[in-house]
Amino acid sequence: MARGIAGRASATPRPRLLYGWDIEDEQIELALLPPGSRVLAAAGAGELVAHLAAAGHEVVAVSANREQLEYARRRSSGGPFEAGSAERVLDAGRKLIRAASPAWHRRRVRSLLTDASPQRVQQQWRQRFDNRTFRSVLHATMAPAGMLAAAIQRDFSTVLPAHFTDTVRARLDARLGMHPSPGNRFAWRLLAGEDPPGYAPPVAPDGAIDFVASDALSHLESAAPASYDAVTLSNVADGTRADVVERLGRAARRAVVPGGPIIVRSFAPTADARASALADDDRSLVWGGIHVQH
């Protein structure tokens, strides 16, 4: 789930598939990018970059993890979903919750997510699903000593923010009441571990994405000035040394045309009203801030 200086994965990632689903809502980028932009993005699970390419953007997708890069290439071309480390940990957590809490039976979770009223979903979430079992398992997986935190420390260059379990609960509570759930693949994946009925992943046009085996920092520092119209990355500042973040910022500003957007997602809370509002708009429900520099 967490992303590091490589845009998502650690600068020295292990050759394993870390995530099979992206948690970046492409609607954020599509609203911010000028038509036909040349965009640098983390390859991720191939979904965000496929959405951008399908919308007519020219995409350069980077990852230092060759297994992740090849999966993104396959997935963006219509390949099947493959679970990564993050999905396996979250699936284990959901199984624990279902075993201990009847409210979390698959049928009841699906019923919650097919309700078209965000207000009713929020009410049901508060009354039935945000229960003691959910809170205990969430703490066991996402607390500093939890399974997800251990996986992130093993595979990624960042750490989860302090008090992240309480933060996640608050974000789910608020944002389930903002976004309709029936077509929200991010809510379905997080709570049910599956895509919503009828969802078809994007397929990029042939040749629209250039997949590059490199971390984002190295690539940006080697790029010619004004090589890109935009850059979009996630978690590059979460748990990263300040001097490295400063280098990345300088490299991105140099590589992007004057006035072009640099989009940076973070799990960490923010006092920046616009970044917080954009995070609320992101249907994945979990981001703390989406910062946009021009």
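Two strands pair if DSSP finds at least two bridges between them. Helices (H or I, at least four residues) and strands (E, at least two) are themselves DSSP runs, numbered from the N terminus. The structure is a predicted model, in which local features need pLDDT of at least 70 and side-chain atom pairs count only at pLDDT 80 or more, while totals for chains, interfaces and linings use all residues. Residues are numbered from 1 along each chain as its sequence is written, and side-chain values use heavy atoms, with hydrogens and water left out.

Strand β1 (residues 38-42) runs parallel to β4 and is joined to β4 by three bridges. Within this pairing, Ala41 has Thr232 of β4 as its bridge partner. Strand β5 (residues 262-266) also runs parallel to β4, and four bridges join these two strands. Here Val231 stands opposite Ile262 of β5. Together with helix α12 (residues 242-255), β4 and β5 make a right-handed β-α-β unit. A crossover is right-handed if, with the strands pointing away from the viewer, the path from the first strand over the helix to the second runs clockwise.

The aromatic residues come next. A pair of aromatic rings is described by the distance of the centres and the angle of the planes. Rings of Phe, Tyr and Trp (its six-membered ring) pair if their centres lie within 6.5 Å; planes under 30 degrees apart count as stacked, over 60 as edge-to-face and the rest as tilted. The structure holds seven aromatic pairs. One of them is the edge-to-face pair of Trp104 and Phe129, with 5.6 Å from centre to centre and 80 degrees between the planes. Because Trp104 lies in the loop between α4 (85-100) and α5 (106-113) and Phe129 in helix α6 (residues 118-129), this pair ties together parts that are 25 residues apart in sequence. Both Trp104 and Phe129 are buried. The rings of Trp125 and Phe134 have centres 5.2 Å apart and planes at 80 degrees, so this pair is edge-to-face. Trp125 counts as buried at 1% relative accessibility, and Phe134 is buried with a relative accessible area of 5%. Ring pairs link Trp104, Trp125, Phe129 and Phe134 into a cluster.

In soluble globular proteins, nonpolar side chains tend to be buried together. A nonpolar core is a set of buried Ala, Val, Leu, Ile, Met, Phe, Trp, Tyr and Cys residues joined through side-chain atoms within 4.5 Å. The largest such core has 51 residues, of which Trp104, Trp125, Leu191 and Ile209 touch the most other members. Residues up to four places away in sequence aside, Leu191 touches Arg94, Trp104, Val109, Leu112, Leu113, Trp125 and Leu176; contact means heavy atoms within 4.5 Å. A second, separate core of 20 residues includes Leu40, Leu217, Val236 and Val244.

Gly36 lies in the loop between α1 (26-32) and β1. Its C-alpha atom is separated by 4.6 Å from that of His57, 21 residues apart along the chain.

Key. Buried means under 20% relative accessible area, exposed over 50%, partly exposed in between (1.4 Å probe, protein chains only).
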